[in-house]
Amino acid sequence: MSEKTPLLSGQGGYGPVPSGSGYPPQGGGYPPQGAYQGGPPPAGAYPGPGQPQGGYPGAGQPPPAGAFPGAPPAGQYQGGGPPPQGAYPPPQGAYPPQGGAPPPAGSVPKYSGDMPNDDVMDDPNAAESQPTAPPMEKMDQIGGYSNVGFNANVLPPPSYEDATKQQPPAERQAIQNVPTITEQDAREALLNYVSQNCCYGKGAAEDLKFTDLKSTSAFHYTLETFGEGRSTCWAYEPYTGQMIDGPQNGTAPGPWDIAASPPSLFQDYVQHFEVPHTASVKPCHDCFSSGYVRCHRCFGRGRVRCSSCNGSGHVTRYHNGEHRREHCTWCHGDGRRQCYTCHGNGMVICKTCGGNRNLKCYIKLTVTWKNHVNDHIVERTPLPDHLIRNVSGQIAFEESNQKVWPINHFHEREINEASMRLIQNHLFPTERVLMQRQRVRIVPVTQCMYKWKNTESDFYVYGFEHHCYAPNYPQTCCCGCSIL
Ligand SMILES: [Zn+2]
Ligand SMILES: [Zn+2]
Ligand SMILES: [Zn+2]
């Protein structure tokens, strides 16, 4: 899932955090007192409009004509000069002069830049130019974000105190036990298993004599660590007159100072934010703020060679035993025709700005919530361990906290050791740990020993669902089996 939302005000919305476990922790922890919370900065800190920090970056002059294949000649360049001092921020739609809306239909300028000397062969599948990121040197210098490029830059969290002291909880939940099964349960489980295998005969399951049922327990330990990662990059989008929150509104908050809450705990989620006070409007670099670029199909000529007659204007046809030269009906003998893509103008709408001539550039913060899950299974019969993972059992123990303490009181030592080891290994240096959860499930496993005719064998019934595992079932091909 991914969703772009406006910056939250930092109030509420965290979800089911147990009271007292405290994220954000109270005092001393995160966030530091006075840190940016997404709300308005304190009075006095706001520099106010009319004090532009560097003002509109202006983007300079277009390059000399001919330097860029799609560049209109100098003189046709529209917009891009810096506005008068103090004019920033612009009233909506006032600057850039043509900004905010694509040029009206019918006003497509004629292409007059570089183009091939002759019409090109028509290729309806000629590759369109794709949107490109603005050049890095045109991006504003934003305090604290000087290393940001157009690719995601992962930012490890600043060091912070854990909300919980690393002490074992004074009182821990008691470990619960699981019920055992009867001979009737075991036989029903086996009959069900046999019925799911079309070639198996059910006679053995009906007639076998149980010699022993050995109830054992499998233990399934799971550790989850729910972490938050943050990365930033420059982003751009067509400028259509939307609000611009630039550096003149204040200092940009640090990437870890922006309040963001996951929609729910222990679930992966990605959310994007615009970092406050980093936005600006730049003339589109791809079309030099004209809204149009050279047509990719006719390379600006507005016409292409006729593909039917190869540009000659006539075709040779064989008719009544002789070759005859005829006018090409496709181009009416002209050898060329109008380009269908640009309708003869030689220019098409710029993909980068969508024809809006200007771009909004800003630093984008991407917050990624990830649930890391690892587990360990203790199962001591020949039943394959992985079968335990997907059946239900008794939750014998469950604990969640910002950092959990390894289990040390479970009667199965291997579970205590697995808890210790997995917790030690659950370190994610590029993430802030928001919450951990550990859980032990006890899954009943019954080894059912039986005698049938001269065979002595066994099968296993496991999980509250009474799933059956019987690899040695004696009647695996019933009489008269005719399955293709
Ligand atoms: Zn033709
Ligand atoms: Zn064209
Ligand atoms: Zn453009």
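**Entry 1: the cysteines C306 and C309**

I looked up C306 and C309 and found that both are buried, where buried means under 20% relative accessible area, exposed means over 50% and partly exposed lies in between, with a 1.4 Å probe and protein chains only. I note that this is a predicted model, in which local features need pLDDT of at least 70, side-chain atom pairs count only at pLDDT 80 or more, and totals for chains, interfaces and linings use all residues. Residues are numbered from 1 along each chain as its sequence is written, chains are lettered from A and ligands numbered from 1 in the order in which they are written, and side-chain values use heavy atoms, with hydrogens and water left out.

**Entry 2: the zinc ion (ligand 1)**

Which residues coordinate the zinc ion (ligand 1)? I found the SG atoms of C306, C309, C328 and C331 at 2.2 to 2.4 Å; donors are N, O and S atoms within 2.8 Å of the metal (3.2 Å for Na, K and Ca), and sites may look incomplete because water is not among the atoms. The arrangement is tetrahedral because the four donor atoms subtend angles of 103 to 117°, and four donors count as tetrahedral if all angles lie between 85 and 135 degrees.

**Entry 3: the zinc ion (ligand 2)**

For the zinc ion (ligand 2) I noted C295, C298, C339 and C342 as protein donors, each through SG, lying 2.2 to 2.4 Å from the ion. This site is tetrahedral too, with angles of 104 to 118° among its four donor atoms, and its donors follow the spacing C-x2-C-x40-C-x2-C. I recorded C295 as buried because its relative accessibility is 1%, and C298 as buried because its value is 0%.

**Entry 4: salt bridges**

How many salt bridges does the structure hold? I found 18, a salt bridge being a side-chain nitrogen of Lys or Arg within 4 Å of a carboxyl oxygen of Asp or Glu. In the one between R230 and E228, the closest N and O atoms are 2.7 Å apart; R230 counts as buried at 2% relative accessibility, and E228 likewise at 1%.

I then looked at R413 and E417, whose side chains meet in a salt bridge of 2.9 Å, N to O. R413 is exposed, with a relative accessible area of 62%, whereas E417 counts as partly exposed at 39%. Last, I noted that salt bridges with shared partners join D119, R301, R303 and R336 into one network.

Note on methods. Four donors count as tetrahedral if all angles lie between 85 and 135 degrees; four count as square planar and six as octahedral if opposite donors are over 155 degrees apart and all others between 65 and 115; anything else is irregular.
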